[in-house]
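Q: Can you go through this structure with me and say, for each label, what it rests on? I would like values set against cut-offs.

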Amino acid sequence: MQRREVVSALLAPRQDNLLTVGGLGSSSWDIAATADNPQDFCLVGGMGLTVSVGLGLAGARPQNRVLVITGDGDMLMGMGSLATVAQIQPRNLAIVVLDNEMFGETGGQPTHTAGVTDLAAIAKGAGIPTTGTIRDAAALQDTLPHIHESDGPVFYVAKVSAEMPPTVYPPLDGPFAKDRFRAAVLGDGAV
Amino acid sequence: MTEKSAEWPSDIFTVLREREISQICHVPDAGHDRLIRLCTAQNDMSVITLTTEEEGVGILAGAWLGGRRGALLMQSSGVGNTINALALPAACRMPFFTIVTMRGEWGEGNPWQLPMGQGAPGALEAMGVTLYRVERAEDVTDTVSAAAAQAFNNQCSTAVLLSQRLIGAKGFK
C-alpha cells in the first residue's frame, strides 16, 4: 500500500469527534497532506513519544476518539508505551503504525521490522487485545470500523511501500500548533 | 535506613489537589511510595505506572492538550531518561511539572547512584527546566505549590528536587 492512501482512508471522511496524534517525520507529513485540521497534533520531534501523547490525550478526552498515526521507527523507540497502554486499556484509543520497514527521513536505513521483528505481535504480547497487520487495500477497508469504533485499545500495523511522497509540513511552530489544537478541542477560553 | 513517618507526602498530595493536578505518572521510588498510594486511592486522579520516565513526558503533554494537568513523579536516576523528551514541552511551550526524589547525595550508600544523582540538576537545567529544591519538611508545601504555579501559569517546565536529607538516606552497610 502507499502510505498517503492509507492515511487518506483513515481520515477522509472524517468523524467530528476524532483527534489525531501524528508521529515524528513522514506520518506527520502524511496527516498534513490529507488536510490541515486543527484537531490533529503532529509531532516534529520527541521521537518515541507519539503513543504516550495519544494515551495522555485519550485519558483527558474520553468523549473523543483518539487515533495515533506513527511510523515503525517511532514505535520501535517507544515499545514500552504499548505495555503502558495495555495496563490502562483506554477504550477510545487506536494506534496505526505505517510500517515501511525503514528510517525514511534519514536515508532509508532498514529498521528492525525489515528483519524478524513483528510489531503487531509485540503489541499483542504487551497486552493489547485487538491487534493485526494490514497488507492490502481490501483488508484496510475491513479494518476501518475497528480503528474508528471498536472498544480500544486497538493496534494495527499497515505495511506500506518504501515510496517517500513530497514533504507537506504541519505547523512547525509548537506553541501555535498546541494553542490551535487546544482551542479546537477545549474552546477559545483554553488559550 | 532512616525511618520517618513524616507528613510531607500528604502535604504534597494536598498541593496536587489544590492545583487541580489529576494525571499522575511515575516510575516508583521508595521516597514517592506514600504519595503514590494517596493518589491511587483518589477516584478522580489517574495514576499511570511507566516503563520508563520519558513516557511520562509524552503522557503529560497529551493530557495538557486535552485540558488536564499532570505531574511526573520520579527518582533522580530517571531524570536521565527524560532528556530528549523534554524538548516536547519546551518546543510547544506546554507546562511540565515533576517532583524528583534525589539520590546520590546526603549520606548515599550506593555508589552507582552518585553519577546520575549528582548530574540530574544540571541535566534538567540544560533542558530549560527551572529547579526548586526542598531540604526540610516545613518547606514542602510552599515550594511544591510555587513550582506547580510557575509551570501551569507560565506554561513552562519546573522540577521540585526533594533532597535525600528530607527523604532519608538509604543505607547499604
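Q: Where is B:E20 found?
A: B:E20 is in the loop between helix 1 (8–18) and strand 1 (21–26) of chain B. Helices (H or I, at least four residues) and strands (E, at least two) are DSSP runs, numbered from the N terminus. The model is a predicted one, in which local features need pLDDT of at least 70 and side-chain atom pairs count only at pLDDT 80 or more, while totals for chains, interfaces and linings use all residues. Residues are numbered from 1 along each chain as its sequence is written, and chains are lettered from A and ligands numbered from 1 in the order in which they are written.

Q: Why does B:E20 count as exposed?
A: A residue is exposed if 12 or fewer other C-beta atoms, placed from the backbone, lie within 10 Å of its own, buried if 20 or more do, and partly exposed in between. B:E20 has 10 C-beta neighbours inside 10 Å, so B:E20 counts as exposed. The residue also has a positive phi of about 55°, although B:E20 is not a glycine.

Q: What makes B:W106 partly exposed?
A: B:W106 has 15 C-beta neighbours inside 10 Å and therefore counts as partly exposed. Its phi is positive too, near 35°, in a residue other than glycine. B:W106 sits in the loop between strand 4 (96–101) and helix 6 (114–126) of chain B.

Q: How do you know that the span of helix 6 of chain B agrees with its number of residues?
A: The expected span is 1.5 Å times one less than the number of residues. Helix 6 of chain B has 13 residues and so should span 18 Å; its end C-alpha atoms are 19 Å apart, which agrees.

Q: Where does helix 6 of chain B bend, and by how much?
A: The bend at a residue is the angle between axes fitted to the seven residues ending there and the seven starting there. At B:A120 this gives about 45°, and a proline, B:P121, follows within four residues. B:A120 is also one of the buried residues of this helix, with B:G117 and B:L124. Their cover includes helix 4 (76–79), strand 4, strand 5 and strand 6 of chain B. After helix 6 of chain B comes B:G128, with a positive phi near 85°.

Q: What makes strand 2 (46–49) and strand 5 (130–134) of chain B edge strands?
A: Two strands pair if DSSP finds at least two bridges between them. The open sheet of chain B has 6 strands in the order 2-1-3-4-6-5, with parallel pairing. Strand 2 and strand 5 of chain B each pair on one side only. Strand 5 of chain B pairs with strand 6 (residues 157–162) of chain B over 5 bridges, and B:R133 stands opposite B:L161 there.

Q: Which residues and elements make up the side of chain A that touches chain B?
A: Two residues are in contact if their C-beta atoms, placed from the backbone, lie within 7 Å. By that test, 29 residues of chain A are in contact with 27 residues of chain B. Helix 3 (50–60), helix 5 (80–88) and helix 8 (174–186) of chain A are the elements that give two or more residues to this side.

Q: How do you know that the bond between A:A12 and A:P13 is cis?
A: Omega is about 0° at this cis peptide bond. A:P13 lies in the loop between helix 1 (3–11) and strand 1 (18–22) of chain A. Another cis peptide bond joins A:G152 and A:P153, with omega about 0°.
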